[in-house]
Amino acid sequence: MTRTRPYGEIARVDDRKAPGTENVVLEFHGAKMTFIANTGLVRRAREAITLLHQQGCPLSERAQALLLPSGP
């Protein structure tokens, strides 16, 4: 199933890691569910979070840290 939502509906973008995964998590205003994308690589997560940030989406502290030059 495919569903699209405007960038403005994104309440927060987060970066989460677990063994063998690198995830970008999107939380939406007024929604109980989140969207989790396993990017597989830190580089891909950084690229996705950069794009979302450029669209004005708020970032969690973890997502902000990933964009720092010294980030993981």
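This report describes the sheet, the packing and the charged contacts of a predicted model.

## Sheet and hairpins

The strands form an open sheet of three, in the order β1-β2-β3 and with antiparallel pairing. Its edge strands are β1, spanning residues 10–18, and β3, spanning 34–38, each of which pairs on one side only. From one strand to the next, the twist averages 20°.

Between β1 and β2 the antiparallel pairing runs over eight bridges, and within it aspartate 14 stands opposite valine 25 of β2. The hairpin made by these two strands leaves two residues between them, and glycine 20 there takes a positive phi near 80°.

Strand β2, residues 21–28, also pairs with β3 in the antiparallel sense, over five bridges. Valine 24 stands opposite alanine 37 of β3, while asparagine 23 has asparagine 38 of that strand as its bridge partner. Five residues lie between β2 and β3 in their hairpin, where glycine 30, in the turn, has a positive phi of about 70°.

## Helix packing and the nonpolar core

Helix α1, residues 42–54, packs on the sheet by touching β1 and β2, and its direction makes about 20° with that of β2. Strand β2 is itself mostly covered, since six of its eight residues are buried.

The largest nonpolar core has twelve residues, including Ile10 and Val13, Val24, Leu26 and Phe28, Ala45, Ile49 and Leu52, and Ala63 and Leu66. At least two residues of this core come from each of β1, β2, α1 and α2. One of the core members is isoleucine 49; leaving out residues up to four places away in sequence, isoleucine 49 touches Val13, Asp14, Asp15, Val24, Leu59, Ala63, Leu66 and Leu67.

## Serine 60 and aspartate 14

Serine 60 is located in the loop between α1 and α2, the latter covering residues 61–67. Its relative accessibility is 5%, so serine 60 counts as buried, the cut-off being under 20%. Apart from neighbours within four places in sequence, serine 60 is in contact with Arg12, Val13, Asp14 and Asp15.

A polar contact of 2.6 Å joins the side chain of serine 60 to that of aspartate 14. Aspartate 14 is buried as well, with a relative accessible area of 0%, and its side chain also meets that of arginine 16 in a salt bridge of 2.8 Å, N to O. Arginine 16, by contrast, counts as partly exposed at 34% relative accessibility.

## Salt bridges

Side chains of opposite charge can pair when their charged atoms come close. In this model the count comes to nine salt bridges. One of them joins the side chains of glutamate 27 and arginine 12, at 2.9 Å from N to O. Because glutamate 27 lies in strand β2 and arginine 12 in strand β1, this pair ties together parts that are 15 residues apart in sequence. Arginine 12 counts as partly exposed, at 30% relative accessibility.

Salt bridges that share partners join Arg12, Asp14, Arg16, Glu27 and Arg62 into one network.

Technical notes:
Residues are numbered from 1 along each chain as its sequence is written. Side-chain values use heavy atoms; hydrogens and water are left out. Two strands pair if DSSP finds at least two bridges between them. Helices (H or I, at least four residues) and strands (E, at least two) are DSSP runs, numbered from the N terminus. Axes are lines fitted to C-alpha atoms, for helices over the stretch in contact, and angles run from 0 to 180 degrees between N-to-C directions. Contact means heavy atoms within 4.5 Å. Buried means under 20% relative accessible area, exposed over 50%, partly exposed in between (1.4 Å probe, protein chains only). A polar contact is a pair of N or O atoms within 3.5 Å; within protein, one must be able to donate a hydrogen and the other to accept it, and residues adjacent in sequence count only if both atoms are side-chain atoms. A nonpolar core is a set of buried Ala, Val, Leu, Ile, Met, Phe, Trp, Tyr and Cys residues joined through side-chain atoms within 4.5 Å. A salt bridge is a side-chain nitrogen of Lys or Arg within 4 Å of a carboxyl oxygen of Asp or Glu.
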